[in-house]
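I opened my notebook to go through the side-chain contacts in this model. Here is what I looked up, entry by entry.

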Amino acid sequence: MDPAQIDCQENTDPPQVQIVSLWRRLGALLYDGILLSALLLLATACLIIPYDLLATRPYPHADWLYRTLLQLYLLAVIAGFYVYFWTHGGQTLGMRSWRVRVVRADGGPLNTGDALRRFAWAALSLLPLGLGLWWCLVDREHLAWHDRASGTRLLLARPKAATRPIKA
């Protein structure tokens, strides 16, 4: 068994893992949403400010082509955020705060393909008013649609042990 897998399980039995509640999922999503808002503002500024400085006319906000290209660029920034964190430790910053880790169904870490597949299914899962996420309330294994479709699972991660010496 992989040491990273052992670290992210509360229970020592391999088939028995702590269920990640919907509230933990939503909490991590909210934290990541705050971080992503700042990242998207920065990404937009990195595109719009140079355009305004170098172009002879201001950025054409009303033009559908420019607007669509900007939206695709921002979607790529969001995908890059999740894919990077899921493939480098299995946790976004929000997931780390809520002690949640994503792994493949076999317990292994996600590769880039797994992470892209999970992101695409998660985007589709959230479209119908988040129904795919709410599905984990009625699923027998407490999996959301994107968990099932991408072959990934969320595990409850153990809290890190305190590294400070105890004063006597």
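**Aromatic rings**

I started with the rings: F81, Y82, Y84, F85, W86 and F119 form one aromatic cluster. Before going further I noted that this is a predicted model, where local features need pLDDT of at least 70 and side-chain atom pairs count only at pLDDT 80 or more, while totals for chains, interfaces and linings use all residues. Residues are numbered from 1 along each chain as its sequence is written, and side-chain values use heavy atoms, with hydrogens and water left out.

My rule for pairs: rings of Phe, Tyr and Trp (its six-membered ring) pair if their centres lie within 6.5 Å, and planes under 30 degrees apart are stacked, over 60 edge-to-face, the rest tilted. Searching the whole structure gave me eight aromatic pairs.

I looked at Y51 and Y66, whose ring centres are 6.4 Å apart with planes at 65°, so this pair is edge-to-face. Y51 sits in helix α2 (residues 22-54) and Y66 in helix α3 (residues 64-87), so the pair ties together parts 15 residues apart in sequence.

Buried or exposed? I took buried as under 20% relative accessible area, exposed as over 50%, and partly exposed as in between (1.4 Å probe, protein chains only). Y51 is partly exposed at 23%, and Y66 is partly exposed at 26%.

Next came F81 and F85: their centres are 5.0 Å apart and their planes at 65°, so I wrote down edge-to-face again. Both lie in helix α3, four residues apart, about one turn of the helix. F81 is buried at 10%, and F85 is buried at 18%.

**Salt bridges**

I counted a salt bridge when a side-chain nitrogen of Lys or Arg is within 4 Å of a carboxyl oxygen of Asp or Glu. How many salt bridges does the structure hold? I found eight.

D114 pairs with R104, the closest N and O atoms being 3.9 Å apart. D114 lies in helix α5 (residues 112-126) and R104 in strand β1 (residues 100-104), so parts 10 residues apart in sequence are tied together. D114 is buried at 8%, whereas R104 is partly exposed at 25%.

R148 bridges to D139 at 3.0 Å between the closest N and O atoms, and R148 also meets E141 in a salt bridge at 3.6 Å, N to O. E141 is partly exposed at 38%.

How values were computed:
Helices (H or I, at least four residues) and strands (E, at least two) are DSSP runs, numbered from the N terminus.
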